[in-house]
Amino acid sequence: VDTAALKALAAKLAEQVGVPEAAAELPDKALALMGTSKSTTRESRNDRRFPNTNQAFACWTAANEMQLCVAATGDRTHPKCAQRERDTMTLCSV
């Protein structure tokens, strides 16, 4: 990880936001962690049953499908249930 490049980027962003002194407060270790972190967010699958922007019914359906899958397999970590759990966590504001 190139901490010098990360510091330069942090300084540029801090200046654009209007707080140039904030870039000096970032320690090297924090900058190194920012450079190596991986994104853990995932999007839900596109579901043609719910084309509208109001996703309340999609949330309700995803939660029910997850519960049905868990009841059928008996295991929440089963691969078939994992995608439904991700959909539920993405669509529903918990």
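Exposed means over 50% relative accessible area, buried means under 20%, and partly exposed lies in between (1.4 Å probe, protein chains only). This is a predicted model, in which local features need pLDDT of at least 70, side-chain atom pairs count only at pLDDT 80 or more, and totals for chains, interfaces and linings use all residues. Residues are numbered from 1 along each chain as its sequence is written, and side-chain values use heavy atoms, with hydrogens and water left out.

**View 1. Lysine 80 in helix α4.** Lysine 80 belongs to helix α4; helices (H or I, at least four residues) and strands (E, at least two) are DSSP runs, numbered from the N terminus. Lysine 80 counts as exposed because its relative accessibility is 58%.

**View 2. The protein chain as a whole.** The secondary structure of the protein chain consists of 4 helices and 0 strands, and the pattern along the sequence is α-α-α-α. Of the 94 residues in the protein chain, 19% are buried. Contact means heavy atoms within 4.5 Å. Among contacts between residues at least 6 apart in sequence, 49% join residues at least 24 apart.

**View 3. Packing of helix α3 on helix α4.** Helix α3 (residues 56-73) and helix α4 (residues 79-91) pack at an angle of about 155 degrees, and their axes are 8 Å apart. The angle makes α3 roughly antiparallel to α4. Axes are lines fitted to C-alpha atoms, for helices over the stretch in contact, and angles run from 0 to 180 degrees between N-to-C directions. Angles under 35 degrees count as roughly parallel, over 145 as roughly antiparallel, 65 to 115 as roughly perpendicular and the rest as oblique. The crossing of α3 past α4 is left-handed, a term used if the near helix is turned anticlockwise from the far one by less than a right angle, with right-handed used if clockwise.

**View 4. Residues in the contact of α3 with α4.** On the α3 side the contact is made by Ala58, Cys59, Ala62, Ala63, Glu65, Met66, Cys69, Val70 and Thr73. On the α4 side it is made by Lys80, Cys81, Arg84, Glu85, Asp87, Thr88 and Leu91. By class, the contact of α3 with α4 has 9 nonpolar, 2 polar and 5 charged residues. Ala, Val, Leu, Ile, Met, Phe, Trp, Tyr, Cys and Pro count as nonpolar, Asp, Glu, Lys and Arg as charged, and the others, Gly among them, as polar.

**View 5. Threonine 88 in helix α4.** Threonine 88 is placed in helix α4 and counts as buried, at 7% relative accessibility. Leaving aside neighbours within four places in sequence, threonine 88 is in contact with Ala62, Ala63 and Met66.

**View 6. The disulfide of cysteine 59 and cysteine 92.** A disulfide is a pair of cysteine sulfur atoms within 2.5 Å, and by this rule there are 2 disulfides. In the one between cysteine 59 and cysteine 92, the sulfur atoms are 1.9 Å apart. The link of cysteine 59 and cysteine 92 is right-handed, with 120 degrees about the S-S bond. Cysteine 59 is buried at 19% relative accessibility, and cysteine 92 is buried at 11%.

**View 7. The disulfide of cysteine 69 and cysteine 81.** Cysteine 69 is joined to cysteine 81 by a disulfide with an S to S distance of 2.1 Å. This link is left-handed, with -90 degrees about the S-S bond. The pair connects distant parts of the chain, with cysteine 69 in helix α3 and cysteine 81 in helix α4, 12 residues apart. Cysteine 69 is buried at 11% relative accessibility, and cysteine 81 is buried at 0%. With the bonded cysteines of the protein chain numbered in sequence order, the pairing is 1-4, 2-3.

**View 8. Aspartate 47 in the loop between α2 and α3.** Aspartate 47 sits in the loop between α2 (28-36) and α3. Its relative accessible area is 27%, so aspartate 47 is partly exposed. The C-alpha atoms of aspartate 47 and alanine 58 are 8.4 Å apart, and the two residues are 11 residues apart along the chain.

**View 9. Serine 93 in the segment after α4.** Serine 93 is found in the segment after α4. Serine 93 is exposed because its relative accessible area is 80%. Serine 93 and alanine 56 are 9.8 Å apart in space, C-alpha to C-alpha, and 37 residues apart in sequence.
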